[in-house]
Amino acid sequence: MKEKLRVALLMGGPSAEHEVSLSSGEVIGNHLDKDKYEVIPVVVSKSGEWPFEIGELKEMADVAFIAMHGEYGEDGTVQEELRDAEIPYTGSDVLSSALAMNKILSGRLLASHGIDVPEFIVVQKHEKTPGSLGGLDFPVVVKPADRGSSVGITIARTMDELVPALRNAFGFSRDVMIQEFIPGREVTCAVLDDGAGEAFPLPPTEIIPRSGSMFDYNAKYTPGASEEITPARLHDDALSVIQETALIAHRAVGASGMSRTDMIIGDDDRLYVLEINTIPGMTPTSLLPQAARVHGLTLSELFDRIIEAGLRRHGLLLG
Ligand SMILES: Nc1ncnc2c1ncn2[C@@H]1O[C@H](COP(=O)(O)OP(=O)(O)O)[C@@H](O)[C@H]1O
Ligand SMILES: [Mg+2]
């Protein structure tokens, strides 16, 4: 009998998305093909502690499936630790992960590729409040530069609302963006690749929040709190533009295995990219699994591909 590939499923971790990650990990663990893989669940604590030394993983597993989101798990930190311990892992490498997690740097990079991103200014913690809004008009979106799941994000409609919004965001990050608010329809589009540069987009999803205008943490993880329609109800031309944009974003940050790019179709008919996620949620209500299903992939097949892409990127799978 062929030996099974030993997959360490890394979840939890020291981010605001600890619980989300546990839920992603559960879905992945349940759907990894048990005929092919021996799954070793590894829960990193909320304070970042591993149940054992990370180097011990090399003896225990052939590949690490990173099912962590946000800081540490998605921002290049665990990727660097795994790289240094010579353990192959799924998804993007250290640099791409860090770049994608930082909305300031990735926003500038995407703009340089001709992609529309909402205009923004950057405020650092020591500045407290900006001297001017740099030409932006209210309402503005205030967001930490490097957090996910809408953590620390507020819409400020007046100068009075800006101060607490900044204080809130600085609770999560040293760098905060004040961004032009884009009224419009929210869409997201995932991209999969084979770890060797061959990438393709999944069908775009349209997100309709039920609880107001913002796709917030609750709307993201409460079943039924937002309505998601895949493929988005748009003309084929618009769907193609969304997919092409997601592909450009994926390639621009050098993502590998998977990504999901969040966008808004503005009322001005321009397509704005909000951010690119390199480890999108895999919970039962998450968007990438929904899109994969619509594309005709089972979750087992999706996770096979993500593992194979990781192995290929590390030169462990030829062809
Ligand atoms: N500039 C913006 N204009 C309008 N809505 C925004 C803007 N930025 C963020 N949002 C809303 O906040 C949500 C989260 O923002 P996003 O940039 O995707 O960060 P993250 O998902 O990492 O928290 C978006 O899905 C959208 O609903
Ligand atoms: Mg987002």
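Predicted model: local features only at pLDDT ≥ 70, side-chain atom pairs only at ≥ 80, totals over all residues.
Two strands count as paired if DSSP finds at least two bridges between them.

View 1. β5 and β6 run antiparallel, with three bridges joining them. Look for V141, which stands opposite I155 in β6.

**View 2. Zooming out shows an open sheet of four strands.** Reading across, the order is β4-β7-β5-β6, and the pairing is antiparallel. β4 (120–124) and β6 (154–156) are the edge strands, each pairing on one side only. From one strand to the next, the twist averages 30°.

View 3. E180 uses its backbone instead, with an N or O atom 2.9 Å from a nitrogen atom of ligand 1. On its own ligand 1 would expose 540 Å², and the protein buries 98% of that.

**View 4. Here is the shell around ligand 1.** There are 21 residues around the ligand, and K103, K143, S150, E186 and E275 come nearest. By type, the shell splits into nine nonpolar, four polar and eight charged residues. Ligand 1 lies between domain 2 (98–116 + 182–313) and domain 3 (120–180), because both give residues to its shell.

View 5. Which elements give two or more residues to the shell around ligand 1? They are β5 (140–144), β7 (175–180), β12 (258–266) and β13 (271–277). Two of these names, β5 and β7, also turn up in the four-stranded open sheet.

Definitions and conventions
Residues numbered from 1 in each chain as written. Chains lettered and ligands numbered in written order. Heavy atoms only, no water. Near = heavy atom within 4 Å. Polar contact = N/O pair within 3.5 Å; in protein donor to acceptor, adjacent residues only side chain to side chain. Areas by Shrake-Rupley, 256 points an atom, 1.4 Å probe, with all protein chains shown as cover. Nonpolar A, V, L, I, M, F, W, Y, C, P; charged D, E, K, R; others polar. Domains from an automatic or database assignment. Axes fitted to C-alpha atoms, helices over the stretch in contact; angles between N-to-C directions.
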